[in-house]
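This briefing is organised by topic and is meant to be read beside the sequence and the coordinates.

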Amino acid sequence: MTMGKNEIISSREFDVPRELVFRAWTTPDLLARWWGPRGFTNTFHECDIRPGGTWRFTMHGPNGTDYPNHSVFVEIVPLERIVLDHLSSPEFRVTATFENLEGRTKVTYRQLFKITEEFEQAKAYCIEGNEQNLDRLGLLLEEISS
C-alpha cells in the first residue's frame, strides 16, 4: 500500500490468470461475493458493467449498518483496466488495473478522492478496508479456480 495526493494505492498478486480476475470484477454475482471489507455483505440494486453504466448497491456492515453506494463505470478495457466514479459521499475514482505476470495476475487498486478533507477522514478506514477487500477477492479466486 502506498499513498499519493488524495490517493490510496493497493496492489496484490494472485496465482490465477487475469481472465479469471477480470471475470471476478465484471460478473455481478461474483463481485457481490467479495466486494467490501471483511464481514460486509452486499445487495446489488443495479449493476450495469459497461462505460456509462450505473452500479447501485447497499453494503451491509457486520454491525447492521447499511451503506448505500452509487457509482458509474467510466472505462472498461477487457483484461486490462476498470475505472469507476463513486458518486456517493465520499466521492472518489477507482482505477483497477490487471497485469499479466506469466499466468499470475497483479491487481493495482487506486482510489483517488475528489476532496482532500474527505480523503483525510476516509484513509483511517479505507487503507485497511482495501486490503481486506483484496483478501476477499483472493479467497473467491481460490474457490472459483479449483
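Predicted model: local features only at pLDDT ≥ 70, side-chain atom pairs only at ≥ 80, totals over all residues.

Helices (H or I, at least four residues) and strands (E, at least two) are taken as DSSP runs and numbered from the N terminus. In those terms, Asn6 is found in the loop between β1 (2–4) and β2 (7–14).

**Backbone particulars**
- Asn6, although a residue other than glycine, has a positive phi, near 60°, and because its relative accessibility is 9%, with under 20% being the criterion, Asn6 counts as buried.
- Leu79, in the loop between β5 and β6, is likewise not a glycine and has a positive phi of about 70°, while its relative accessible area of 25% makes Leu79 partly exposed.
- The peptide bond that runs from Ser89 to Pro90 is cis, its omega being near 0°, and Pro90 lies in the loop between β6 and β7.

**Helix α1 and its crossing with α3**
- The axes of α1 (residues 18–26) and α3 (residues 116–145) come within 10 Å and cross at roughly 115°, and the crossing is right-handed.
- On the α1 side the contact is made by Leu20, Val21, Arg23, Ala24 and Trp25, and on the α3 side by Leu137, Leu140, Leu141, Ile144 and Ser145; by class, these are 8 nonpolar, 1 polar and 1 charged residues.
- The buried residues of α1 are Leu20, Val21, Phe22, Ala24 and Trp25, and what covers them includes α2, β5, β6, β7, β8 and α3.

**The largest pocket**
- About 530 Å³ of space lies in the largest pocket, and of its 25 lining residues those closest to the centre are Met59, Asn69, Phe92, Tyr125 and Cys126.
- At least two lining residues come from each of β4 (54–60), β5 (66–77), β6 (81–86), β7 (92–101), β8 (104–113) and α3, with α3 giving the most, namely 5 residues.
- The lining divides into 15 nonpolar and 10 polar residues, with no charged residue.

**Ala32 in helix α2**
- Ala32 has its place in helix α2 (residues 28–34), and because its relative accessibility is 22%, Ala32 counts as partly exposed.
- Leaving aside residues up to four places away in sequence, Ala32 touches Asn42 and Phe44.
- Ala32 and Ser11 are 21 residues apart in sequence, and their C-alpha atoms are 20 Å apart in space.

Conventions:
Residues numbered from 1 in each chain as written. Heavy atoms only, no water. Axes fitted to C-alpha atoms, helices over the stretch in contact; angles between N-to-C directions. Left-handed = near helix turned anticlockwise from the far one by under 90°. Contact = heavy atoms within 4.5 Å. Nonpolar A, V, L, I, M, F, W, Y, C, P; charged D, E, K, R; others polar. 1 Å grid on protein atoms, 1.4 Å probe; cavity = no way out; pocket = protein on both sides within 12 Å on 5 of 7 lines; lining within 4 Å. Points joined across faces, edges and corners; volume = space filled by probe spheres on them. Buried < 20%, exposed > 50% of the residue type's maximum accessible area, 1.4 Å probe, protein only.
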